[in-house]
Amino acid sequence: MKSTSMTATPGEALATGGVAVPFDTRHGAGQTQAQIHLRKIPLLADLSEDEMTRVKQELRIRQYAKREVVLHKGGHGDGLLFLLSGQLQVIDVTEDGRAIGLRMLAPGDFFGEIALINNSTRSASVVALTPVVVAFLPATTAMHLFSHSPSVANQMLRHLAQKIQRDSEFRALLSINNTAKRIYTYLVLMQSKQQRQPGEPAVVEDLPTHQDIANMINTSRETVTRALAVLTQKGIVQKDAHRLIIIKPDALEKLVQGE
């Protein structure tokens, strides 16, 4: 998924319906005003004007540096968060201290909803893979939207259904014993998010680092590097600085099927 900032200069925001919200420059150390395209956040896009006004009053914008922890596992579900720019990874840490990647988050995604809905502690941590800008909506306001806004409720139901399907696909991926095939399957899952015609190249924007991919699929960084090198040599993929072009999606599918 292509990462696009949802923040803007004042002129851009006024031209596209953006609004000014308080911006915590260093988690409360100081505040300025940031222009945020609230209607570009999918979950908020169809809110009524009254609902949008309430969100605007409650929303707080925060910045995090690369590798900084945005949410800590075990923390209280005190709000709903939206990724506005940058890239995040949801991780869990095993008893022996290994970080296991669970999923990636791109701009427009929201997170923290499970602990909020269940009124429970957070089941995983969220770490910034790049410098990020995140919007925080307090629990009271978020729960009001869940129960009073039909558009938010419908989107949340679709999101939870997709989450169940995605988690099922990921469990199946981790059950693959062949490490190379596990890497190829992960790339197929990433390319499936792209809207394209059958056989057309798929572009994976903001490709995670080899280490982040390794964390996601329980292998080593060196193994990921070797597997991508093999795909490049075969002309199946082409790697740019921050993206992966899957030139021959059908050939990648055949490797996944063991053909």
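Predicted model: local features only at pLDDT ≥ 70, side-chain atom pairs only at ≥ 80, totals over all residues.
**Packing of helix H8 and side-chain pairing**

H8 itself covers residues 221–233, and its 13 residues reach 18 Å from the first C-alpha to the last, close to the 18 Å expected at 1.5 Å a residue. The buried positions are Thr223, Val224, Ala227, Leu228 and Leu231. Viewed down the helix axis, these buried residues fall within an arc of 130°, so they line one face of H8. Arg226 and Gln233, on the other side of the helix, are exposed. After H8 comes Gly235, with a positive phi near 75°.

Turning to charged side chains, the count of salt bridges comes to six. One of them joins Glu49 to Arg39, with the closest N and O atoms 2.9 Å apart. Here Glu49 belongs to helix H2 (residues 49–58), while Arg39 lies 10 residues away in the loop between strand E3 (31–36) and H2. Glu49 counts as exposed because its relative accessibility is 57%, whereas Arg39, at 31%, is partly exposed.

Another salt bridge pairs Asp78 with Arg122, at 3.0 Å between the closest N and O atoms. This pair links distant parts of the chain, 44 residues apart. Asp78 is partly exposed, at 40% relative accessible area, but Arg122 is buried, at 6%. Arg243 and Asp240 also meet in a salt bridge, 3.0 Å from N to O.

Aromatic rings feature too: the charged end of Arg62 sits over the ring of Phe136, 4.5 Å from its centre, and a search of the whole structure finds one aromatic pair.

Definitions and conventions:
Residues numbered from 1 in each chain as written. Heavy atoms only, no water. Helix = DSSP H or I, 4+ residues; strand = E, 2+ residues; numbered from the N terminus. Expected span 1.5 Å × (residues − 1). Buried < 20%, exposed > 50% of the residue type's maximum accessible area, 1.4 Å probe, protein only. Arc of directions from axis to C-beta. Phe/Tyr/Trp six-rings, centres within 6.5 Å; stacked < 30°, edge-to-face > 60°. Lys NZ or Arg CZ within 6 Å of the ring centre and 35° of its normal. Salt bridge = Lys/Arg side-chain N within 4 Å of Asp/Glu carboxyl O.
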